[in-house]
Amino acid sequence: MSGLLTGAWDRISGRMRAEVGDVEYRTWLQQIVLGPVDGDEVTLMLPTRFLRDWVRSQYGDRLSTLWNQEIPAIRRVELQVMRPGDAAAMPSVADGEDETSSAPSEVTPVTTTRAASAPADRVADTRADLVAPLDQRFTFDTFVVGKPNEFAYACARRVAEKPSSVGFNPLFLYGGVGLGKTHLMHSIGAELMRRGGISVAYMSAEKFMYRFIAAIRSQSTVEFKDHLRSVDVLMIDDLQFLIGKDNTQEEFFHTFNALVDAGRQIIVSADKSPSDLSGLEDRLRTRLGCGMVADIHATTFELRISILEAKASASGVVVPGKVLEFLAHKITTNVRELEGALNRLIAHANLFGRPITLESTQDVLHDILKAHDRRVTIEEIQRKVSEHWNIRLTDMSSARRARAVARPRQVAMYLAKQLTSRSLPEIGRKFGNRDHTTVMHAVSRVQELMERDTAFAEDVELLRRMLES
């Protein structure tokens, strides 16, 4: 009877492969193991609950039909999750499969059994080589929280306190470059390792791919799988790197399933949300989006100032507030670049023993600032000045003459004269159709105040440096 069942299963497997195609067959059906027959029911086993449920919903009826055609006495197919003792029943890789495509299809029961027989020191050494070290600078204490990142920060804190909580596994962090995703991941790892008793593995998606390829070449895929699937928390950074890497995606998918089914925590970061990662397989996108998805928005001016203040305070170097404001206005898209600019200023001050000023900042960071320069318009000047003095943009062209409005309006006219090629009448028209003599008076008045009031002069100079190209 055993030979009859094996022959029937070989034919059924062949028909399923022909019907669904090689890729879909390797993904969902190749890992099925033939189990026992009980009366009119045959048992098929799969390594994880997720795979069992998927095969049952998508292919259950077709498998029953094919079995009944092969052996009419069999009327039902039962799908079960493999137990560790069932590992010995795993079939070898089918002939004709190349090493790269078949490697990801090896499954957890086999790797778990072999891991037990591997020398403990070898396992520890290889695991240390597989993962990347955590950066000790990146902790929750050094992470500056603001409105754009407070939700992601709260989710990261929750996972650090209670890994594998319902609704938080996996945790998917996404946002633009340099906004703090990696910092949060390292913070989670640092917090978990500080408390002890939890094994944490952090690596970039790129390193995951290279290590997987190396494992295939050295015929050590079993060890590779064992080491990653034995950790309590797995963190993969920059998942978008796996787009287009089909075999590596497949291996990550199976590692993901094995860990989640075992109650382990997965943390992933990317530059886009799971639904927007085009090029990533649908099954993987679906799994990534089934937990907690938290985005980190672009920073606000207030958050950038807070980050710079914290960084400057930790350095022990005095950085004037006007310089911090200048940097926060100039470098708006990348916190990593913002911190790098401040680090360069601090290093320059330490090396040459010179104080940090707006002038030295522009000299030291000329290459960075040049990349952020753009042509100044009167509209941009009006907007920046309004934001600086906290007045409405419409006040720039209104008839209001209160000093709180008139003085910023005069500064905007002065800057328009200094930073644009517009004529005085053209500038006047942009400020509520005012006469050119009004603009001349504003320019003269601002120059006079700058000579008498140092603080006012610094405000105007800061605005000019932020706006000029």
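Select residues 150-161, helix α7. Its twelve residues should span 16 Å at 1.5 Å a residue, and the end C-alpha atoms are 16 Å apart, which agrees. Keep in mind throughout that the model is predicted.

Within α7, highlight the buried residues: Ala152, Tyr153, Cys155, Ala156, Val159 and Ala160. Look down the axis of α7: these residues fall within an arc of 165°, so they line one face of the helix.

**Helix α15**

Next select residues 335-352, helix α15. The 18 residues should span 26 Å at 1.5 Å a residue, and the distance between the end C-alpha atoms is 26 Å, which agrees. Colour its buried residues, which are Val335, Leu338, Ala341, Leu342, Leu345, Ile346 and Ala349. They cover an arc of only 130° around the axis, which puts them on the same side of α15.

Turn the helix over. Which exposed residues does the face turned away from the buried side carry? On that face of α15 are Arg336, Asn350 and Leu351.

At the N-terminal end, show the side chain of Asn334, which caps the helix: one of its side-chain oxygens lies 2.8 Å from the backbone nitrogen of Arg336. After the helix comes Gly353, with a positive phi near 65°.

**Salt bridges**

Switch to side chains. The count of salt bridges in the model comes to 17; a few are visited here.

Start in helix α8, residues 181-195, with Glu191 and Arg194, which are three residues apart, about one turn of the helix. Their side chains meet in a salt bridge, with an N to O distance of 2.7 Å.

Move on to Glu281 and Arg283. The closest N and O atoms of this salt bridge are 2.5 Å apart. Glu281 is partly exposed, with a relative accessible area of 22%. Arg283 has 10% relative accessibility and counts as buried.

For the next pair, select helix α18, residues 378-389. Arg383 and Glu380 are three residues apart in this helix, and are therefore separated by about one helical turn. They form a salt bridge in which the closest N and O atoms are 2.4 Å apart. The relative accessible area of Arg383 is 37%, making this residue partly exposed; Glu380 is buried, at 12%.

Then select Lys225, Arg229 and Glu251 together. Salt bridges that share partners join these three residues into one network.

**Gln31 and its surroundings**

Centre the view on Gln31, in the loop between α2 (22-29) and β1 (33-38). Gln31 is buried because its relative accessible area, 4%, is under 20%. Show His254 as well: the side chains of Gln31 and His254 make a polar contact at 3.4 Å.

**Last stop: Glu461**

Finish in helix α22, residues 454-467, where Glu461 is found. Glu461 is buried, with a relative accessible area of 18%. With which residue does the side chain of Glu461 make a polar contact? The partner is the side chain of Arg464, at 2.7 Å.

Notes:
Residues numbered from 1 in each chain as written. Predicted model: local features only at pLDDT ≥ 70, side-chain atom pairs only at ≥ 80, totals over all residues. Heavy atoms only, no water. Helix = DSSP H or I, 4+ residues; strand = E, 2+ residues; numbered from the N terminus. Expected span 1.5 Å × (residues − 1). Buried < 20%, exposed > 50% of the residue type's maximum accessible area, 1.4 Å probe, protein only. Arc of directions from axis to C-beta. Polar contact = N/O pair within 3.5 Å; in protein donor to acceptor, adjacent residues only side chain to side chain. Salt bridge = Lys/Arg side-chain N within 4 Å of Asp/Glu carboxyl O.
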